[in-house]
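Dear colleague,

Please find below the structure that I am handing over to you.

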Amino acid sequence: MEKTFSELEQLGPSDLIAFINDCIQHDFNKLVQLLYRIDVSEEKLKYILQLNPNEDAAKLIAAVIIERLAATKAARASFSRTGKIDQPASDKNAEHDEDLEQF
């Protein structure tokens, strides 16, 4: 069962956990590839799993995936905003210099 990013974003936490458990049991390589494509930090994931050895691994992985998807979504939103772009610092300084010249 292949999932796209948009399909993963649409899953609720319990459905995502079920999907991850299915991958762990039947196609672990698919889970590893998914984590790589989403750009989940391997070190962070290992650290979280080691800190919580008695927790459901799928639940912990799902939390990391949700966090990463939210960060990706926020980054996309910040790049896609339309409107006025801030002036570069050099342009702002030029305006400030013009204001000073008036005195």
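**Overall make-up**

The protein contains 6 helices and 0 strands, and its elements follow the order α-α-α-α-α-α from the N terminus on. Of its 103 residues, 20% are buried. Among contacts with a separation of 6 or more, 65% are between residues 24 or more positions apart.

**Confidence**

The mean pLDDT of the protein is 81, with 73% of the residues at 70 or more. Helix 2 has the highest confidence, at 95, whereas helix 6 (residues 89–101) has the lowest, at a mean of 49. Where pLDDT is low, the predicted coordinates should not be read in detail.

**Helix 2 with helix 5**

Helix 2 (residues 13–26) packs against helix 5 at an angle of about 120 degrees, and the two axes are 9 Å apart. Helix 2 is therefore oblique to helix 5, and their crossing is right-handed. On the helix 2 side, the residues involved are L16, I17, I20, N21 and I24; they meet A58, K59, I61, A62, I65 and I66 in helix 5. Sorted by class, this contact comprises 9 nonpolar, 1 polar and 1 charged residues.

**Helix 3 with helix 5**

Helix 5 (residues 57–80) also has a contact with helix 3 (residues 28–38): their axes come within 10 Å and cross at roughly 30 degrees. Because angles under 35 degrees count as roughly parallel, helix 3 is roughly parallel to helix 5. Helix 3 passes helix 5 in a left-handed crossing. Here L31, L34, L35 and I38 of helix 3 meet I61, I65, R68 and L69 of helix 5. By class, 7 nonpolar, no polar and 1 charged residues make up this contact.

**Taking the two contacts together**

Which residues of helix 5 occur in both contacts? I61 and I65 are listed in helix 5 for the contact with helix 2 and also for the contact with helix 3.

With kind regards

Technical notes
Residues are numbered from 1 along each chain as its sequence is written. This is a predicted model: local features need pLDDT of at least 70, side-chain atom pairs count only at pLDDT 80 or more; totals for chains, interfaces and linings use all residues. Side-chain values use heavy atoms; hydrogens and water are left out. Axes are lines fitted to C-alpha atoms, for helices over the stretch in contact, and angles run from 0 to 180 degrees between N-to-C directions. Helices (H or I, at least four residues) and strands (E, at least two) are DSSP runs, numbered from the N terminus. Angles under 35 degrees count as roughly parallel, over 145 as roughly antiparallel, 65 to 115 as roughly perpendicular and the rest as oblique. A crossing is left-handed if the near helix is turned anticlockwise from the far one by less than a right angle, and right-handed if clockwise. Contact means heavy atoms within 4.5 Å. Ala, Val, Leu, Ile, Met, Phe, Trp, Tyr, Cys and Pro count as nonpolar, Asp, Glu, Lys and Arg as charged, and the others, Gly among them, as polar. pLDDT is the predictor's confidence in each residue, from 0 to 100. Buried means under 20% relative accessible area, exposed over 50%, partly exposed in between (1.4 Å probe, protein chains only).
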